[in-house]
Amino acid sequence: MASRAASRSIARAASSAARSTLAIRALGVAPRFAARAAAPATATSAFQQIRGIKTLNFGGSQEKVYERSDWPKEKLLDYFKNDTIAVLGYGPQGHGQGLNLRDNGLNVIVGVRKDGRSWKKAVAEGWVPGKNLFTIEEAANKGNIVFNLLSDAAQRDLWPTIKPFITPGKTLYFSHGFAITYKHQTNVEAPEGVDVVLCAPKGSGTTLRTLFLEGKGLNSSIAVFQDASGHAHERVVALGVAIGSGYLYETTFSKEVYSDLFGERGVLMGAINGLFRAQYDVLRAQGHSPSEAFNETVEEATQSLFPLIGANGMDWMYANCSVTAQRGALDWHQKFYDASLPVFQDLYKSVKDGTESQRALDKNSQADYRESLEKELKEIRESEIWRAGETVRNLRPENAKK
């Protein structure tokens with residue numbers, strides 16, 4: 001069935017001048033789902049690609065979107081010429097945002113625990129102690145724009161140390177609504193006379209950095225919790241562009257953290273891992289080999305279908321697969337929806353009422369957290385599905401040893 005569908009798809013794709021790069025990639029990865037060609041742009045999608053448009057139609061709802069073309073580098077340099085941006089923390093977000101700010105030419109310093117792991121990493125990446133690398137307290141004192149990019153647990157634990165330096169006239173910046181939204185658990189209160197803003201990249205700091213170096217931009221959400229200066233919104237848009245965002249969407253601190261915690265535990269990581277395991281285990285129980293079970297469960301999804309869905313939409317994916325696959329997916333998706341909806345409803349309730357945030361704070365604050373985390377990750381790493389996956393990944397042409 002796969003080869004027959006592939007031959008038909010290849011013939012159709014070869015005749016189309018408008019085929020997408022991802023569709024061509026799919027022809028070699030998962031022939032059964034090989035795409036004919038990228039669907040021609042509709043009037044709506046073409047309209048949305050025009051740069052500088054501020055209000056766009058998202059599924060029938062009008063939303064404002066801010067685009068980085070309004071903030072060229074020269075404008076950023078002038079706007080922040082009298083500012084010192086202090087990035088507290090050098091984890092994934094601190095690392096990515098700090099380097100992007102530095103490469104954009106802004107006056108940025110980093111604050112981390114002296115001689116710790118992050119300090120050594122920062123030094124290795126060109127930050128100079130006493131010049132643009134300081135302790136957390138020193139950086140918070142020197143910066144008039146303070147990026148609090150410490151871990152959620154560290155933001156709670158170190159807030160008494162940082163708070164005295166967040167004085168009126170400064171801007172307090174977050175990339176997560178956690179500390180402010182769950183202030184009854186973190187004790188992080190917005191100080192008076194301070195702008196409190198948020199810019200949350202829709203991806204890891206590593207991805208933000210990678211796309212920046214490629215001349216691209218990761219979408220981000222922005223929010224203003226407290227506007228003491230009257231210019232907080234303008235400032236967070238500028239900061240969002242300065243860290244390497246492409247487009248900026250408006251949200252609130254609470255909506256950002258609710259959607260973030262919900263998504264991470266749901267489709268982004270928790271749910272998808274559970275679905276991968278369940279499908280793999282059923283295939284293995286029915287006598288399928290580890291390689292076949294992994295290829296059908298993970299490899300085809302991540303290397304072919306998900307990129308195509310991201311590029312063209314689910315309806316396009318259905319329209320461009322074999323009739324057998326098309327029919328089965330359409331018939332079964334409602335059953336999966338009905339089965340998972342109550343789980344997602346319970347998950348959102350747990351996020352909103354603070355159960356998930358409290359669990360995260362309690363667990364992440366334990367002295368042996370890293371050791372216990374490694375045990376959990378080792379269990380995943382050494383499970384059959386991901387041991388099989390390591391072999392499959394090594395067989396990809398780009399990973400083949402020369």
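**Reading the labels on this fold**

Thr171 sits in strand β7. The model here is a predicted one, and the questions below ask what stands behind each label.

Q: Why is Thr171 called buried?
A: Its relative accessibility is 2%.

Q: What makes up the surroundings of Thr171?
A: Leaving out residues up to four places away in sequence, Thr171 touches Asn144, Ile145, Val146, Val194, Asp195, Val197 and Arg235. Each of these has heavy atoms within 4.5 Å of it, which is what contact means here.

Q: Why is Asp260 called partly exposed?
A: Asp260 has a relative accessible area of 21%. Under 20% would be buried and over 50% would be exposed, so at 21% Asp260 falls in between. This residue lies in helix α13, which covers residues 253–265.

Q: How do you know that Glu264 is partly exposed?
A: The relative accessible area of Glu264 is 28%. The in-between class runs from the 20% limit to the 50% limit, and therefore Glu264 belongs there.

Q: Why are β1 and β5 called edge strands?
A: The sheet is open and has 10 strands, in the order β1-β2-β10-β9-β8-β7-β6-β3-β4-β5. β1 (55–58) and β5 (133–134) each pair on one side only, and that is what gives them the edge label.

Q: How do you know that β1 and β2 pair?
A: Four bridges join them, in the antiparallel sense. Pairing asks for at least two bridges, so β1 and β2 qualify. Within this pairing, Phe58 stands opposite Ser61 in β2.

Q: What makes the pairing in this sheet mixed?
A: Take β10 (residues 245–250) as an example. With β2 (residues 61–67) it pairs in the antiparallel sense over three bridges, and there Glu67 has Tyr247 as its bridge partner. With β9 (residues 218–226) it runs parallel, over four bridges, and Ile222 stands opposite Glu250. Both senses turn up around β10, so the sheet is called mixed.

Q: How do you know that α14 and α15 meet?
A: Ile272, Phe276, Gln279, Tyr280, Leu283 and Arg284 in α14 meet residues of α15, including Pro290, Phe294, Val298 and Phe306. The contact residues divide into nine nonpolar, three polar and two charged. Helix α14 (residues 270–285) and helix α15 (residues 290–312) pack at about 145°, with their axes 7 Å apart, and the crossing is right-handed.

Q: What makes up the whole chain?
A: There are 20 helices and 10 strands. Of the 402 residues, 41% are buried. As for contacts between residues at least 6 apart in sequence, 67% join residues at least 24 apart.

Conventions
Residues numbered from 1 in each chain as written. Predicted model: local features only at pLDDT ≥ 70, side-chain atom pairs only at ≥ 80, totals over all residues. Heavy atoms only, no water. Axes fitted to C-alpha atoms, helices over the stretch in contact; angles between N-to-C directions. Helix = DSSP H or I, 4+ residues; strand = E, 2+ residues; numbered from the N terminus. Left-handed = near helix turned anticlockwise from the far one by under 90°. Nonpolar A, V, L, I, M, F, W, Y, C, P; charged D, E, K, R; others polar. Buried < 20%, exposed > 50% of the residue type's maximum accessible area, 1.4 Å probe, protein only.
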